[in-house]
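Please read the following report alongside the sequence and the coordinates.

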Amino acid sequence: MNSEYGFEIGMSPPASTYSGQIDWLMGVLHIAMIGMFLIWGIYFVYCLIAYRARPGGQATYHQTGEKASFIPDGIVLAFELWLILGFGIPIWAELKQETPPVEESLEVVLVAQQFAWNFQYAGPDGVFGKRDVDQVSASNPIGLDEQDPAAKDDFITINNLYVPVNKSVILRMTSKDVIHDFQVTNFRNKQDILPGTVQTLWFEPERTGKFEIGCAQLCGLGHTQMVGNVWVETPEDYKEWEQEQIEEAMAEAEAEASDSARS
Ligand SMILES: [Cu+2]
């Protein structure tokens with residue numbers, strides 16, 4: 001873990017709308033597992049003592065038709081079904097299937113690469129500029145097509161994702177090279193990113209602050225350095241930051257256009 005974030009025992013503080021549900025489920029699972037471990041452990045020791053070898057003892061080598069052992073099995077099975085059907089599947093569906101409406105969310109494109117996170121914002125037109133593999137360069141890591149009118153107001157950030165608090169964020173994620181995995185522990189989410197496809201991940205931050213992004217899929221020698229930050233800001237601060245980025249992007253696009261007109 002990055003030393004800047006300190007060392008914590010247990011999970012890092014929850015910061016998204018669904019992190020409470022994940023923590024609750026993990027808490028129930030851990031307590032149930034400790035309980036089962038203790039019960040089975042005590043029963044095991046009891047059997048060792050009660051059925052130890054004694055003079056005149058007679059071993060039985062066939063089933064006696066005893067049905068009592070099905071009772072604890074049945075209880076455990078019922079408990080597991082209750083967890084899976086009552087909580088596991090609904091929480092999974094919320095995280096992975098019930099993406100909030102795009103109109104009410106901030107949509108960001110994420111292009112992962114060895115070993116960085118490139119975030120593309122659509123700008124005021126709300127349309128993402130096209131990406132072109134042939135235009136990828138050191139200064140244009142995602143290959144944003146400069147000829148595309150929709151690209152003029154787009155802006156890119158590297159390893160830093162800025163979002164407003166209390167608004168859902170939808171990430172459309174792809175990779176330039178190998179499989180990466182976007183993970184923010186505070187948000188309790190994680191999603192593989194496969195080259196050639198687009199994966200969707202959403203979250204809604206509930207607290208302002210800085211949260212660490214890690215790559216959760218071993219992706220090469222620089223894997224451990226593939227870290228970034230999510231900066232969750234107040235809506236006002238976010239708006240201000242966004243405006244600066246748009247102005248910068250527009251000025252750059254204009255300068256480039258006049259450059260190419262001159263040559
Ligand atoms: Cu990676």
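Predicted model: local features only at pLDDT ≥ 70, side-chain atom pairs only at ≥ 80, totals over all residues.

Residues are numbered from 1 along each chain as its sequence is written, and side-chain values use heavy atoms, with hydrogens and water left out.

Helix α1 (residues 19–50) and helix α2 (residues 70–96) have axes that come within 11 Å and cross at roughly 165 degrees, which makes α1 roughly antiparallel to α2 (angles over 145 degrees count as such). Helices here are DSSP runs of H or I with at least four residues, and strands are runs of E with at least two. Among the residues in contact (heavy atoms within 4.5 Å), W24, L25 and W40 of α1 belong to the set that meets a group in α2 including F79, W82 and F87.

The copper ion is coordinated by H180 (ND1), C215 (SG), C219 (SG) and M226 (SD) at 2.1 to 2.5 Å, where donors are N, O and S atoms within 2.8 Å of the metal (3.2 Å for Na, K and Ca). H180 lies in strand β6 (residues 180–184) and C215 in strand β9 (residues 209–215), so this pair ties together parts that are 35 residues apart in sequence.

| Residue | Backbone value | Loop |
|---|---|---|
| F115 | cis peptide bond with Q114, omega about 0 degrees | between β1 (106–113) and β2 (116–121) |

Methods. Axes fitted to C-alpha atoms, helices over the stretch in contact; angles between N-to-C directions. Parallel < 35°, antiparallel > 145°, perpendicular 65-115°, else oblique.
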